[in-house]
There are 2 protein chains.
Amino acid sequence: MTNLEKKAEGNLSNKIKLRGIIAEDKEEIRNILLDVGNFTQVEVRVALSLIDERFKGDEDYNFLIAELENRIIGYACYGPSPMTNGTWDIYWMAVLKEFQGNKIGSFLTEVIEDEIRKRRGRLILIETSSKESYDATRTFYEKKGYRVMGKIERFYSETDDKIIYGKYLK
Amino acid sequence: MTNLEKKAEGNLSNKIKLRGIIAEDKEEIRNILLDVGNFTQVEVRVALSLIDERFKGDEDYNFLIAELENRIIGYACYGPSPMTNGTWDIYWMAVLKEFQGNKIGSFLTEVIEDEIRKRRGRLILIETSSKESYDATRTFYEKKGYRVMGKIERFYSETDDKIIYGKYLK
């Protein structure tokens with residue numbers, strides 16, 4: 001039993017099945033993105049387009065699907081940052097509202113970090129928004145050991161900065 | 001006569017024809033990228049893949065070609081940053097070595113800035129490397145009014161940071 005499996009015991013995570021993505025997951029993932037409520041139409045479209053890219057053959061988009069009793073309750077998309085040697089991006093992560101607060105995002109993040117370590121990754125980056133509606137997201141990554149590495153003021157819009165979080169892997 | 005055309009008088013730029021890209025330009029652009037000498041194989045591949053994306057129908061990759069007597073001597077690729085309202089990226093710019101020092105990069109940058117202004121852009125970003133071989137590139141953007149907005153240490157490799165330059169348009 002791995003450390004992660006041990007950690008999963010005693011909470012919801014021990015009932016969760018993690019797997020890769022299949023093309024048929026797209027509609028369920030769309031529903032999760034809409035359920036989260038934080039994403040604009042454009043963001044949902046971009047998130048789903050990464051699934052399309054993957055099934056067109058772009059293997060740099062890796063997906064991790066969290067399933068509970070044959071229902072997808074969360075997912076993440078991550079991949080190597082283009083033109084880098086050892087830097088990775090977590091492009092997207094979302095968990096159905098009713099399952100938030102059960103450490104599923106935390107579980108996905110740890111599994112991704114382990115996978116990136118295995119693939120000799122050194123640095124993981126996550127870009128997010130300064131908006132109040134992303135307070136929980138930023139707090140989440142700070143708790144997971146990510147720190148602010150850059151801030152592009154008024155990036156998304158006149159009132160919305162981009163915050164770049166990063167974590168160097170040991 | 002526009003200001004830019006006036007500015008172009010009296011130097012090489014007045015002989016330069018600017019135009020959009022056609023698919024047949026790809027090989028000449030490859031030669032420019034190789035001529036510059038600064039780009040890795042992977043970087044050249046990524047730069048050229050943006051041309052492919054454009055001709056697959058992705059209109060977010062805009063190209064500006066600088067031609068002198070029917071020969072391409074430089075080019076730039078730029079486009080709106082995904083999921084933003086008014087932020088743009090200059091993804092790539094290269095000028096043949098023998099024509100560097102003739103303000104062609106400066107000319108391309110100004111034309112791009114004008115175009116982005118017309119399209120209601122507010123902010124232009126450029127990502128570049130901390131390596132010594134990019135000293136001239138960083139100095140160039142600083143002279144054009146770009147300032148450092150972020151620095152991701154050890155991004156490209158253990159010894160190569162990413163520097164994010166930006167300029168808010170008036």
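How much area is buried between chain B and chain A, and what share of that area do carbon and sulfur atoms give?

## Extent of the interface

In this predicted model, the area buried between chain B and chain A is about 2,100 Å², and carbon and sulfur atoms give 64% of that area. On the side of chain B, Met83(B), Arg122(B) and Phe155(B) lose the most area to chain A, and together these residues account for 29% of what that side buries. In terms of contacts, 23 residues of chain B meet 23 residues of chain A.

Several elements of chain B each supply at least two residues of the side that touches chain A, namely α3 (41–55), β4 (87–95), β5 (123–129), β6 (147–157) and β7 (160–168). Of the elements of chain B, β6(B) gives the most to this side, with 8 residues. By residue class, the side of chain B that touches chain A divides into 12 nonpolar, 5 polar and 6 charged residues.

## Ser81(A), a residue in contact with both chains

Ser81(A) lies in the loop between β3 and β4 of chain A. Because its relative accessibility is 4%, which is under the 20% cut-off, Ser81(A) counts as buried. The side chain of Ser81(A) makes a polar contact of 2.8 Å with the side chain of Asp89(A). When neighbours within four places in sequence are left aside, Ser81(A) is in contact with Thr87(A), Trp88(A) and Asp89(A) of its own chain and with Phe155(B) of the partner chain. Phe155(B) is also one of the residues of chain B that lose the most area to chain A.

## The buried side of helix α2(A)

Within chain A, helix α2 (residues 26–36) has Ile29(A), Ile32(A), Leu33(A) and Val36(A) as its buried residues. These residues are on the same side of α2(A) because they cover an arc of only 95° around the axis. An α-helix has 3.6 residues a turn, so residues three or four places apart point the same way.

The elements against which the buried residues of α2(A) pack are α3 (41–55), β2 (62–68), β3 (71–80) and β4 (87–95) of chain A. Just after α2(A), Gly37(A) adopts a positive phi of about 85°.

Methods
Residues numbered from 1 in each chain as written. Chains lettered and ligands numbered in written order. Predicted model: local features only at pLDDT ≥ 70, side-chain atom pairs only at ≥ 80, totals over all residues. Heavy atoms only, no water. Contact = heavy atoms within 4.5 Å. Buried area = accessible area lost by both parts, 1.4 Å probe. Helix = DSSP H or I, 4+ residues; strand = E, 2+ residues; numbered from the N terminus. Nonpolar A, V, L, I, M, F, W, Y, C, P; charged D, E, K, R; others polar. Buried < 20%, exposed > 50% of the residue type's maximum accessible area, 1.4 Å probe, protein only. Arc of directions from axis to C-beta. Polar contact = N/O pair within 3.5 Å; in protein donor to acceptor, adjacent residues only side chain to side chain.
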